[in-house]
Amino acid sequence: MSLAPHLPALQVVLPLLTAPAAVLLRSGGAAFLLVTAAAWGAFAISLGLWQQTAGGEVISYAIGNWPPPWGIELRVDRLSAFVLVLVAGMAAVVLPYCRQSIEREIPRDQHYLFYAMFALCLTGLLGITITGDAFNIFVFLEISSLATYVLIALGRDRRALVAAYQYLIVGTIGATFIVIGIGLLYLTTGTLNLADIGTRLPQVSGERPVLAALAFLTVGICLKLALFPLHQWLPNAYTFAPSAVTAFLAATATKVSVYVLLRFYFSVFGESLVFDRLPLPGIMLLLSLAAMFVASAVAAFQDDLKRLLAYSSVAQIGYITLGLSFDSQSGLTATIVHLFNHGLTKGALFMLAGCLVAVAGGSGLARLAGIGRAMPVTAFGIVLGGLSLIGVPGTVGFVSKWYLVLAALEKGQWWLVMAIVGSSLLAVVYVWRFVEIAWFREPPAGLPADRRLPLSLQAPAWLLVAATVYFGLDASFTVGSAAAAAEQLLGMTR
Amino acid sequence: MSLASHFSYWVTIFLMVAGLFIVIARGNLIKKLVGLAIFQTSVYLLYIAPGKLIGGTAPILAEEFKVYSSPLPHVLILTAIVVGVATLALGLALVVRIRETYGSIEEDEILAADLADGETEAGR
Amino acid sequence: MSAMVLLAGLGVPALGAAGIAAAHRTPNLREGVTLATAAALFACVLSLLPGVLAGERPRLTLFEVLPGLDLTLAVEPLGMLFALVASGLWIVNSLYSIGYMRGNGEAHQTRFYVCFALALFAAIGIAFAGNVFTLFVFYELLTLITYPLVVHHGDDKARKGGRVYLGVLIGTSVMFLLPALVFTWHLAGTTDFRAGGILPAGLSDATVVGLLALYMFGIGKAALMPFHRWLPAAMVAPTPVSALLHAVAVVKAGVFSVLKVAVFVFGPEMLAGQTAWLAGIAGFTIVAASVVALSADNLKRRLAYSTVSQLSYVILAVAVLAPLSLVGAALHVAAHALGKITLFFAAGAIYTAAHKTEISQLDGIGRRMPWTMGAFAVGTLSMIGLPPAAGFVSKWFMVSGAMAGEHWLALGVIAASTLLNAAYFLPIVWRAFFRPLSAEAAAHPHGEAPLPSVIALTLTAAGTIAFFLWPDVPLALARQMLGAA
């Protein structure tokens, strides 16, 4: 029996099985090895799936051999394969980093549970991306969310508990909205298979429940992806979670939510319903612009590096949804490529921030004064990541910005071009705030003399920094995949 | 089509709004969770009620049963209930830990304590 | 073969930077590496010259970033001229830096030399850029790499200057240059520099003017008003930085880009009749900056505003569009570089030897520092445009071009600014040689600046005169640029 046809199932099952195994092992070290191996396995599988779907074919896998639409279907197309590569790849890079990072932030007797939760979170995120069943999305969403709440609560600051609680409330409301939307779709079409709903929706006579479903889903998903002004949960969660968790979540969780949004908009409801019947593009455009400007401005006033980066994430999500609101090939390419690029950048930035925290003992900017002189290499990495947030050529941020500006130009909307480039100037402000604090102030006396960092903290972070530069110089993989995925998505409804 | 024939929807909507209102309006962390549970419960009803046909039974393949209620919503909601219970359990566990470290489960008191934390950290 | 030399032009300064960093423990070795790198780079660039003069146009595509958008190096006469100036003056500047940095006991010297080498890396990248995209990449790189040099002193003043520097340069390039670049790509499907321009014919006037405005204001390094503030702000840097970067590499990268875009993206034909507004703004910048310079007492500030004014000569010449003006503009890139670096060297030498920064303190200093002030006088002549200095040659062509094009506004501006230049530079020379020493200065005796610095400024002064006497090579390059166009 060959494993190749079962890759879609293995993609989810592999990390899923390691979670209970990690709990049974009751040893941090063994759990670490197991989950890391599973993450790398998942990464390899995702690359395999990406390769299989690159030509445009769609892999459909019937779980338990129950044919869709009756059974649950796993469905991989270009977009889902691309997101799978991002999620599994980030897990594979962040996990080696976890070992030393949580050593400093989480009591040792909880380590094996940490890895179990991490594996569950990964399972959930991969599951959301790969499933072709609407209710299944909700289930995987809750698996990843519940694991995420626990991971955030493991932060050593007591405020992590409150952050986790707040995220639990907001996240559950979001998930419930999503399940209401799915329920309404189910009631009108009688099926839960996404593709099947998509084909049946045009024949539905009453439009109102469908529009209500669209509204519920949009709000619910936007809560999860932290679209301004539904982002309130995000800054606290990112600030107080353990550094490794923040790096993983910032790179993947909101991105997967974007994927869900794209999936529902283009594969289920169809472009004409979403973009013509409701004023959604206009609303999304305004909210995206608000995110880009307000969140960037707020980021410039933060006193904590992780919180600054968290607000920057809210702003960058604005870019992602802005591309979506254009409803064009270039705009959608920008959305998908920025989803990947921003994942890389923020993953790198939060990991490097974690390195600083490991030495300085906290991420408050007051603690990090003069850190550029004390730890020049790590601080320089943060500047590199910051340049990508700004969109300087030679970094991935530039590639994303290029397509966003191009999409705005194709629509002939110059004011939007100016808004896009203008908001990146706000990124200059918050990145340079860090630069000035890190280099123009004297290092505090309390900094430990031994500032060497273990390789396992530095190597994964620098791997991602290198990736932000590499994919900024040679964007054939990212842009190629994103453009092809956008084409496939648009082709579904046109 | 009358109000009465759709009464299950009205109940659903009432529970939904009531639950959401409690989550937003209450400052007590436990009460918030109660509201959240009510909110989730409304969804159970949203799924289950339309699946029931009057006079229908469980899908048993036998001569005397002709009218079936759809079993799928029940299965789905069974899953949703499990998720809801897990969420509630985790939420309560978090509240216990919050109570241990902050000595309070009132949102305003906790936020005040957080603010103080933030200021000591910034060194002001 | 020459394509490999192109790559070496980028590789040498990059490797040099690594070598300098590696030699940080032994200052003598480190400075040796700097000088050797500078010499090697100049040799590289020089080896390309005969081929380019003979009509060769080496081209090398490094890699493709996005489909249809690649990093490409290509040499044409104008880029050749800029590369020659930048790499040649780097040698002299390194010599000068050694004297200045040691004489003033500056800190972080390794970082200084590393960033310098990297700045040259970016400048060469700009000179050899084969398309607007490559130009943009190295342009941004140059801004970022020079930031540590500008804020070298690391104090509050440096931080504020750095903010303005970065804010204006990044701001303009992101706000205007990036949209211009994407728009060019959107319109033309390519960003390559090609003789005669790449934009499709039949664009509306509004589009051409709008795009030109985006480019002209987007290239903030050309310091067109109102985006000139970064230049005086960057004067917080140590003088060698001001000298090389803000008289040669950075500002010349700006006007070089302006020329490149005008000639090779739009093409003179497309611009005909569309540039009256540009001439107006450039003319205003020339006069207004001269007036500000007139009232500045700080020597470096006066030089900075003089640079703002001189840069707009090039933009004005572009706006005039006559072939002779464009030749003049290309020559001015080189001529002004030689003259202005001499002036900055002199200002730095005065600071090193006498710790004077204000013009009013310079009474009688020429008798104590005859070499320095002699070189300063030569630089002054070049700025005003008098023989026997380089500035005369370029101005000659620009005036001829304006006459040929019957562009009276340009002629008026050039005439007025020549008078203003004389008014703000000649008094310094007069003061230095003919006014008696002040009592305060008499109490603090000092001699010339350190020897390497004096050698450097003498060399550039000699270069300024040599440019006047033998302008053949730059002139040939400038003419070829048009021949190609």
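Which helix of chain B gives the most to the nonpolar patch? In this predicted model, the answer is helix α1, spanning residues 7-25 of chain B, which gives six residues to the patch. The patch lies on the surface and is formed by A:L187 together with B:F7, B:Y9, B:W10, B:V11, B:I13 and B:V17, and the accessible area of these residues together is about 660 Å². One of them, B:F7, lies in helix α1 of chain B.

Attention then turns to the interface between chain A and chain C, where 31 residues of chain A are in contact with 31 residues of chain C. The area buried between chain A and chain C is about 2700 Å², and carbon and sulfur atoms give 83% of this area. On the side of chain A, the residues that lose the most area to chain C are A:W402, A:E436 and A:F440, which together account for 25% of what that side buries.

Polar and charged pairs are also found across this interface, with two salt bridges and four residue pairs in polar contact. One salt bridge joins C:R159 to A:E436, with the closest N and O atoms 3.4 Å apart, and A:E436 is also among the residues of chain A that lose the most area to chain C.

The side of chain A that touches chain C draws at least two residues from each of the helices α17 (396-410), α18 (414-440), α19 (455-473) and α20 (476-493) of chain A. Of these, α18(A) supplies the largest share, with 12 residues. By residue type, this side of chain A divides into 22 nonpolar, four polar and five charged residues.

Note on methods: Residues are numbered from 1 along each chain as its sequence is written. Chains are lettered from A and ligands numbered from 1 in the order in which they are written. This is a predicted model: local features need pLDDT of at least 70, side-chain atom pairs count only at pLDDT 80 or more; totals for chains, interfaces and linings use all residues. Side-chain values use heavy atoms; hydrogens and water are left out. Contact means heavy atoms within 4.5 Å. Buried area is the accessible area (1.4 Å probe) that two parts lose on being put together, summed over both. A salt bridge is a side-chain nitrogen of Lys or Arg within 4 Å of a carboxyl oxygen of Asp or Glu. A polar contact is a pair of N or O atoms within 3.5 Å; within protein, one must be able to donate a hydrogen and the other to accept it, and residues adjacent in sequence count only if both atoms are side-chain atoms. Helices (H or I, at least four residues) and strands (E, at least two) are DSSP runs, numbered from the N terminus. Ala, Val, Leu, Ile, Met, Phe, Trp, Tyr, Cys and Pro count as nonpolar, Asp, Glu, Lys and Arg as charged, and the others, Gly among them, as polar. Patches are made of residues with over 30% relative accessible area and no salt bridge: like charges are joined within 9 Å, nonpolar side chains (Val, Leu, Ile, Met, Phe, Trp, Tyr) within 5 Å. Accessible areas come from the Shrake-Rupley method with a 1.4 Å probe; for residues, only the protein chains shown count as cover.
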